[in-house]
Amino acid sequence: MLGDVDRPRVREVYQMGFCNTDKEHRPVLVVNIGEFNIKKVKQVMTVEQLIDYHIFRQELLSKEYFPKCCLLAGHHVEQVTAILDFSNFSMFNFGREERAALSSLIKVRLLVLSLISVDNSHLAA
């Protein structure tokens, strides 16, 4: 799906990832919004590939993280705790392209999360 995308380079220019779980056993997602630069991202991948990368991450969440969190918690887990790091964030560096890209990602994320919720209903304890 991601084709010839250099994943280590993607992680360098688009810093996000899961980091353990919170006390309710939900996966913790950390997103470094302050370092998001669509021009650097577009040097590594197209916006469509970025959306595919997000879908890939959501599928990983559904297939890997949620089932493990359900086992750990002893009950159904379908939520994520998100930490948005706005260090070094400036509205002057956040132009039309960045807003459009993030808007697309948010729409995809909401759609995929709604599908994950339906798909994981069998995991309820």
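**Entry 1: the sheet**

I began at V30, which stands opposite I83 in β3, strands here being DSSP runs of E of at least two residues and helices runs of H or I of at least four, both numbered from the N terminus. The model is a predicted one, in which local features need pLDDT of at least 70 and side-chain atom pairs count only at pLDDT 80 or more, while totals for chains, interfaces and linings use all residues. I numbered residues from 1 along each chain as its sequence is written, and side-chain values use heavy atoms, with hydrogens and water left out.

I then looked up how the strands are arranged: three of them form an open sheet in the order β1-β2-β3, with mixed pairing, where two strands pair if DSSP finds at least two bridges between them. The edge strands are β1 and β3 (81-85), each of which pairs on one side only, and the twist averages 25 degrees from one strand to the next. Helix α3 packs on this sheet, touching β1 and β2, and its direction makes about 0 degrees with that of β1; axes are lines fitted to C-alpha atoms, for helices over the stretch in contact, and angles run from 0 to 180 degrees between N-to-C directions.

I counted the bridges as well: β1 and β2 run antiparallel and are joined by four, whereas β2 and β3 run parallel and are joined by five. In the hairpin of β1 and β2, which has five residues between the strands, H25 takes a positive phi near 70 degrees.

**Entry 2: the chain and its core**

Along the sequence I read the pattern α-β-β-α-α-β-α, which comes to four helices and three strands. Of the 125 residues in the protein chain, 36% are buried, where buried means under 20% relative accessible area, exposed over 50%, and partly exposed in between (1.4 Å probe, protein chains only).

The largest nonpolar core has 26 residues, and those with the most contacts inside it are Y14, F36, V41, M45, L50, V77 and L105; such a core is a set of buried Ala, Val, Leu, Ile, Met, Phe, Trp, Tyr and Cys residues joined through side-chain atoms within 4.5 Å. Two or more residues each come from α1 (7-13), β1 (16-21), β2 (27-32), α2 (38-44), α3 (47-73) and α4 (96-119), and the largest share, eight residues, comes from α3.

**Entry 3: salt bridges**

A search of the whole structure gave me three salt bridges, each a side-chain nitrogen of Lys or Arg within 4 Å of a carboxyl oxygen of Asp or Glu. D22, E24 and R26 are linked in a network: R26 meets D22 at 2.7 Å, N to O, and also pairs with E24, their closest N and O atoms being 3.3 Å apart. I checked the cover of each: D22 is buried, with a relative accessible area of 17%, R26 is partly exposed at 22%, and E24 is partly exposed at 44%.

The side chains of K68 and E64 meet at 3.7 Å, N to O; the two are four residues apart in helix α3, so about one helical turn separates them. I noted K68 as exposed, with a relative accessible area of 55%, and E64 as partly exposed, with 37%.

Technical notes. Contact means heavy atoms within 4.5 Å.
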